[in-house]
Protein chains: 2
Amino acid sequence: MKVSTKGRYGLRIMLDIALNSENGCVSIKDIAEREQLSDKYLEQIISTLVKADLVSSVRGARGGYKLKREAALISVADILKATEGSLAPMSCAEDNGSCERYCDCVFSFVWEEMYKAVMDTAGHITLNDIVERSRKLHTVIEKEETEL
Amino acid sequence: MKVSTKGRYGLRIMLDIALNSENGCVSIKDIAEREQLSDKYLEQIISTLVKADLVSSVRGARGGYKLKREAALISVADILKATEGSLAPMSCAEDNGSCERYCDCVFSFVWEEMYKAVMDTAGHITLNDIVERSRKLHTVIEKEETEL
DNA sequence: CCAATTCATAGCAATATGGTATGAATTAGA
DNA sequence: TCTAATTCATACCATATTGCTATGAATTGG
């Protein structure tokens with residue numbers, strides 16, 4: 001039930017883009033440097049984010065990536081679904097047609113309820129919530145530093 | 001974020017014991033036969049259930065396993081925690097002390113809320129709920145068969 | 001044209017998953 | 001007391017997944 005690096009890195013990448021894309025787009029190199037991630041691995045993860053329509057890419061020199069829609073309209077569920085594949089504990093919870101035993105499975109309701117719970121929570125946290133949290137945390141740290 | 005076979009088999013094993021332990025205890029062989037699982041793999045999973053104090057074992061001839069407490073007092077969360085290790089999407093969500101960056105991590109609240117959501121749902125479904133569901137489903141199937 | 005960039009794919013080491021195999025320890029019942 | 005049935009404890013192994021590296025083609029601003 002653990003979230004893999006793809007999911008975690010995905011969140012960090014999205015936050016990084018959100019925080020640094022005022023002037024145009026953000027390149028993989030920049031993100032990799034700031035986030036201390038391997039740029040080649042990051043490239044793979046970001047490409048799944050492109051395919052999921054969460055970021056758009058600009059090719060060629062001075063190219064890079066930017067959010068496809070505003071941060072308040074991107075949920076944590078969107079990002080994790082794109083990078084992790086799915087948030088369902090069992091695939092049947094997502095598309096119950098996938099399992100032919102669905103009707104007489106005693107456990108299906110368990111997976112469904114768990115899936116609903118996760119989707120509900122992750123679906124209601126937006127990238128913007130994280131951006132705000134990050135800005136707040138940053139100012140606190142800066143304040144602490146000036147107070148020293 | 002998928003639940004592995006250990007978690008799924010764990011649930012099936014617990015249900016099987018609950019349904020078949022009226023007269024004493026249930027042997028691995030019997031469970032394996034009914035559930036169509038490899039008895040040796042099953043043995044491993046059941047031993048984690050013993051360590052988690054969910055079932056107790058009776059050694060020797062005519063030995064086997066039985067629930068350590070009544071089904072209504074065993075939750076799906078208990079079973080999945082025992083077999084899957086943990087239901088936390090990130091270990092920090094469970095014991096925030098484990099991560100030294102916990103305080104200035106922008107994402108910790110995300111993992112915490114997801115963990116709370118999962119634990120709340122899985123914690124409120126008991127083995128007895130599944131037993132009842134199973135019995136109800138069984139009578140429905142029997143009814144359908146006699147109607148044919 | 002060229003340097004900076006994304007895009008696409010292949011490969012690979014480490015770890016986790018899903019088992020199998022072997023045999024010792026324990027014990028009810030003949 | 002023997003024996004068959006059972007759990008308990010390890011060790012092993014094949015396969016899949018994860019996390020990451022490498023190479024090079026395609027694209028494009030300057």
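**Asp53(A)**

I looked up Asp53(A) and found it exposed, because 12 other C-beta atoms lie within 10 Å, and 12 or fewer is the cut-off for exposed. The model is a predicted one, and I keep that in mind for every entry. I placed Asp53(A) in the loop between helix 3 and strand 1 of chain A. Its phi is positive, about 65°, although Asp53(A) is not a glycine. I noted the background: most residues other than glycine have a negative phi.

**Gln36(A)**

I then turned to Gln36(A), which also has a positive phi without being a glycine, with a value near 55°. Gln36(A) sits in the loop between helix 2 and helix 3 of chain A. I asked myself: is Gln36(A) buried or exposed? Gln36(A) is exposed, because the count of other C-beta atoms within 10 Å is 7, and exposed takes 12 or fewer.

**Chain A as a whole**

I listed the secondary structure of chain A and got 7 helices and 2 strands. Along the sequence the pattern reads α-α-α-β-β-α-α-α-α. The C-alpha atoms of chain A fill a box of roughly 60 × 45 × 25 Å along the principal axes. Chain A has 148 residues, and 33% of them are buried. I also looked at contacts in chain A between residues at least 6 apart in sequence: 60% of these join residues at least 24 apart.

**The two strands**

I looked at how strand 1 (residues 55-58) and strand 2 (residues 64-67) of chain A run, and they are antiparallel, joined by 4 bridges. In this pairing Ser57(A) faces Tyr65(A) of strand 2. The hairpin has 5 residues between the strands, and in it Gly60(A) takes a positive phi near 80°.

**Helix 7**

I checked the length of helix 7 of chain A, residues 127-147. With 21 residues at 1.5 Å a residue it should span 30 Å, and its end C-alpha atoms are 30 Å apart, so the two agree. How many of the residues of helix 7 of chain A are buried? The count is 2 among 21, so I wrote down that the helix is hardly covered, since buried takes 20 or more other C-beta atoms within 10 Å.

Thr146(B) counts as exposed because it has 6 C-beta neighbours inside 10 Å. I also took the distance from Thr146(B) to Gly123(B): they are 23 residues apart along the chain, and their C-alpha atoms are separated by 37 Å.

**Chain A against chain B**

I superposed chain B on chain A. A rotation of 180° with 0.0 Å of shift along its axis does it, and the RMSD is 0.0 Å. The two copies are therefore related as by a two-fold rotation axis. Which C-alpha of chain B is nearest the axis? It is that of Met1(B), 2.1 Å from the axis. Both copies use the same surface, since 100% of the contact residues of chain B recur in chain A.

I counted the residues in the contact: 28 from chain B and 28 from chain A. On the side of chain B that touches chain A, the elements giving two or more residues are helix 1, helix 4 (76-84), helix 6 (108-124) and helix 7 (127-147) of chain B. Helix 6 of chain B gives the most, with 8 residues. That side of chain B divides into 19 nonpolar, 3 polar and 6 charged residues.

**DNA strand C**

I found 24 residues around DNA strand C, and the nearest are Ile28(A), Ser57(A), Ser4(B), Ser38(B) and Gly60(B). Two or more residues each come from helix 2 (28-35), helix 3 and strand 2 of chain A, and from helix 1 (5-20) and helix 3 of chain B. Helix 3 of chain A gives the most to this surface, with 3 residues. I sorted the residues near DNA strand C into 6 nonpolar, 10 polar and 8 charged.

**DNA strand D**

For DNA strand D I found 25 residues around it, with Ser4(A), Ser38(A), Gly60(A), Ile28(B) and Ser57(B) nearest. Two or more residues each come from helix 1 (5-20) and helix 3 (39-51) of chain A, and from helix 2 (28-35), helix 3 (39-51) and strand 2 (64-67) of chain B. The surface near DNA strand D divides into 6 nonpolar, 11 polar and 8 charged residues.

Methods:
Residues numbered from 1 in each chain as written. Chains lettered and ligands numbered in written order. Predicted model: local features only at pLDDT ≥ 70, side-chain atom pairs only at ≥ 80, totals over all residues. Expected span 1.5 Å × (residues − 1). Pairing = 2+ DSSP bridges. Least-squares fit on C-alpha atoms with pLDDT ≥ 70 in both. Contact = placed C-beta atoms within 7 Å. Near = placed C-beta within 6 Å. Nonpolar A, V, L, I, M, F, W, Y, C, P; charged D, E, K, R; others polar.
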